Amino acid sequence: RQSIYSLRCRHSMTYITTYFSSTTPQANIPKPRRHTRQHRQGASSKVQRKSTVSTEVFLNESRKLLNLIYAGTQEIEEIDSNVNIEYYVKPEGQLKDEKIINIHVESIGSYQVLIDDNKQQIFMFSPISFTNIYIYNQEQDEWQSTIDGHNLIELLARELNEHCQGIPKF
């Protein structure tokens with residue numbers, strides 16, 4: 001048995017007719033996973049949302065992170081002419097702030113990693129994964145996302161690896 005489905009466009013007199021068989025089973029296509037309130041509440045039991053480290057530990061570890069990112073991406077900047085890094089230790093750089101690093105990749109845009117000392121958080125703005133907020137997990141010695149717990153260094157390395165020449169040395 002066949003059925004006919006017609007659709008009339010509102011702005012034109014075009015009809016689209018589709019024939020389909022009711023005897024053929026339709027595959028169940030799962031809906032895409034969304035960051036719904038329920039999803040976030042389920043994940044919140046596993047992911048820390050607020051920093052629990054002391055101010056001194058945060059200050060030390062956050063500066064170490066930016067230095068690690070700078071040291072790990074310097075070779076990419078030397079190899080790939082489409083990559084430019086701005087950081088306060090770079091002599092010819094425009095930035096004089098120790099709390100921010102910019103990595104500009106010509107083909108996709110700019111990454112910006114910055115420190116918020118008041119909230120004890122790291123913000124990473126990415127042209128691919130957009131804005132992420134990280135806190136330092138002292139037990140695991142890593143910067144973890146407040147949304148799903150992913151590691152900042154792993155995400156940055158993966159994204160730079162796909163769009164730059166050379167490999168980050170983190």
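**Entry 1: the pocket.** I looked up the largest pocket and found about 210 Å³ of space in it. I note that the model is a predicted one.

I then listed the lining. Glu 61, Lys 64, Leu 65 and Leu 68 belong to it, along with Tyr 136, Asp 141, Glu 142 and Trp 143. Asn 151, Leu 152, Ile 153 and Phe 170 complete the list.

Which elements give two or more residues to this lining? I found α2, β8 (142-145) and α3. Helix α2 gives the most, with 4 residues.

I sorted the lining by class. It divides into 7 nonpolar, 1 polar and 4 charged residues.

**Entry 2: the helix pair.** Next I turned to two of those elements. Helix α2 covers residues 55-79, and helix α3 covers residues 152-163. I read an angle of about 25° between them, with their axes 12 Å apart. Angles under 35 degrees count as roughly parallel, so α2 is roughly parallel to α3. I logged the crossing of α2 and α3 as right-handed.

**Entry 3: the contact.** Which residues of α2 meet α3? I found Leu 65, Leu 68, Ile 69 and Thr 73 on the α2 side. On the α3 side I wrote down Leu 152, Ile 153, Leu 156 and Leu 160. By class, this contact has 7 nonpolar residues, 1 polar residue and no charged ones.

**Entry 4: cross-check.** I compared the two lists. Leu 65 and Leu 68 of α2 take part in the helix contact, and Leu 65 and Leu 68 also line the largest pocket. Leu 152 and Ile 153 of α3 are in the contact, and the pocket lining includes Leu 152 and Ile 153 too.

Terms used. Residues numbered from 1 in each chain as written. Predicted model: local features only at pLDDT ≥ 70, side-chain atom pairs only at ≥ 80, totals over all residues. Heavy atoms only, no water. Axes fitted to C-alpha atoms, helices over the stretch in contact; angles between N-to-C directions. Parallel < 35°, antiparallel > 145°, perpendicular 65-115°, else oblique. Left-handed = near helix turned anticlockwise from the far one by under 90°. Contact = heavy atoms within 4.5 Å. Nonpolar A, V, L, I, M, F, W, Y, C, P; charged D, E, K, R; others polar. 1 Å grid on protein atoms, 1.4 Å probe; cavity = no way out; pocket = protein on both sides within 12 Å on 5 of 7 lines; lining within 4 Å. Points joined across faces, edges and corners; volume = space filled by probe spheres on them.
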